[in-house]
Amino acid sequence: MNIVILSRNPELYSTQRLVEEGKKRGHAVEIIDPLKCDIIIEKEKPTIYYKDRYLDYVDAVIPRIGASITFYGCAVVRQFEEMGIFTIAPSDAITRSRDKLRSLQRLSKAGIGMPKTVFTNYSRDVEEVINYVGGTPVIIKLLEGTQGLGVVLAETKNAAESVLEAFNGLQARVIVQEFIKEAKGADLRALVVDGQVVGAMKRQGKEGEFRSNLHRGGSANIIKLDEDELKLAMKAAKVLKLPVCGVDMLQSSRGPLLLEVNSTPGLEGIEGATQKNIAKAIITFIERNTI
């Protein structure tokens, strides 16, 4: 097979591991920068031109689209789809997952548990917003933040008011969420491939840090998910139509609560914590759908 990985940085661990496992299984694997692709739209002949050639020989696509290039990156993935080429993450699903509000609305309707969440149109009535989610402390998140950036813990009403005023002044869209104290600065990441959880880790924020992201100095350890956690992860992936994704959740006194679904999850933390070959699982998933 000819597999294309859409990635702007060929040196990233996740990209390198996918190349390694693809080649091990006898496939030709190529890393392509999506921003250097030209989309050619023509009657009954959608094509993509990259550097000096047409990408009409590709069998499967692995999108590794960063949040900052979602629009153009998804346009490239969509063009591959129009060409009849298999992708492990459909363009529409990536777009949905990147919009935290849209994702939570869809997942809430599907009956998936999550922290109480409020979204308003730059409301100045901060006290009312805080009351909706059960009082302070509260979590305030940028709708388009990644890797823990744009996530703030406001411990008092005054702090929440200051943060919301600052974001409102920048015309930045945010959601306000209930703070789950019993999670103790930890969350769970389940890696889903082909609708099944193939690995899970517990991420713990460093001391004094409520965010558990590994990019922010958190640590990760393998964990065995209970039945409710497994069901939540697999259902969230199904609802957002993402056969390969990372599902983040919190452990709470009322069961697992979904935080978000990541359409291009990193592999370094989960492979390191679980010692499982996640990259191989992704390549074999492609094989099952293309060979």
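Residues are numbered from 1 along each chain as its sequence is written, and side-chain values use heavy atoms, with hydrogens and water left out. Because the model is predicted, local features need pLDDT of at least 70 and side-chain atom pairs count only at pLDDT 80 or more, while totals for chains, interfaces and linings use all residues.

The protein chain is divided into domain 1 (2-96), domain 2 (117-179) and domain 3 (182-288), with bounds that come from an automatic or database domain assignment. Between the C-alpha centres of domain 1 and domain 2 there is a distance of 36 Å.

Helices (H or I, at least four residues) and strands (E, at least two) are DSSP runs, numbered from the N terminus. Strand E1 covers residues 2-6, and four of its five residues are buried, so this strand is largely enclosed by the rest of the structure. Here, buried means under 20% relative accessible area, exposed over 50%, and partly exposed in between, using a 1.4 Å probe and protein chains only. Two strands count as paired if DSSP finds at least two bridges between them. E1 pairs with strand E2 (residues 28-32) in the parallel sense over five bridges, and Leu6 stands opposite Ile32 in E2. From E1 the chain passes through helix H1 (residues 13-24) to E2, in a β-α-β crossover that is right-handed; that is, with the strands pointing away from the viewer, the path from the first strand over the helix to the second runs clockwise. E1 also runs parallel to strand E6 (residues 60-63), joined by four bridges, with Ile3 opposite Ala60 in E6.

Leu188 has Lys202 in E13 as its bridge partner. The two strands form a hairpin with two residues between them, and Asp194 in the turn has a positive phi of about 55°. E13 is in turn joined by four bridges to strand E14 (residues 219-222), again running antiparallel, and Arg203 stands opposite Ala220 in E14.

Thr136 and Pro137 are joined by a cis peptide bond, with omega about -5°; Pro137 sits in the loop between helix H5 (126-132) and strand E9 (138-142). Lys51, in the loop between strand E4 (47-50) and strand E5 (53-54), has a positive phi near 60° although it is a residue other than glycine. Lys51 counts as exposed, at 57% relative accessibility. Gln275 is not a glycine either, and has a positive phi of about 60°. This residue lies in the loop between helix H8 (268-274) and helix H9 (278-290) and is exposed, at 67% relative accessibility.

Finally, a search of the whole structure finds two aromatic pairs. Rings of Phe, Tyr and Trp (its six-membered ring) pair if their centres lie within 6.5 Å; planes under 30 degrees apart count as stacked, over 60 as edge-to-face and the rest as tilted. The ring centres of Tyr49 and Tyr54 are 4.9 Å apart and their planes lie at 70°, so this pair is edge-to-face. Tyr49 is partly exposed at 26% relative accessibility, and Tyr54 is partly exposed with a relative accessible area of 44%. Phe86 and Phe285 form an edge-to-face pair, 5.6 Å centre to centre with 65° between the planes. This pair links distant parts of the chain, with Phe86 in strand E7 (residues 86-87) and Phe285 in helix H9, 199 residues apart. Phe285 is buried, with a relative accessible area of 3%.
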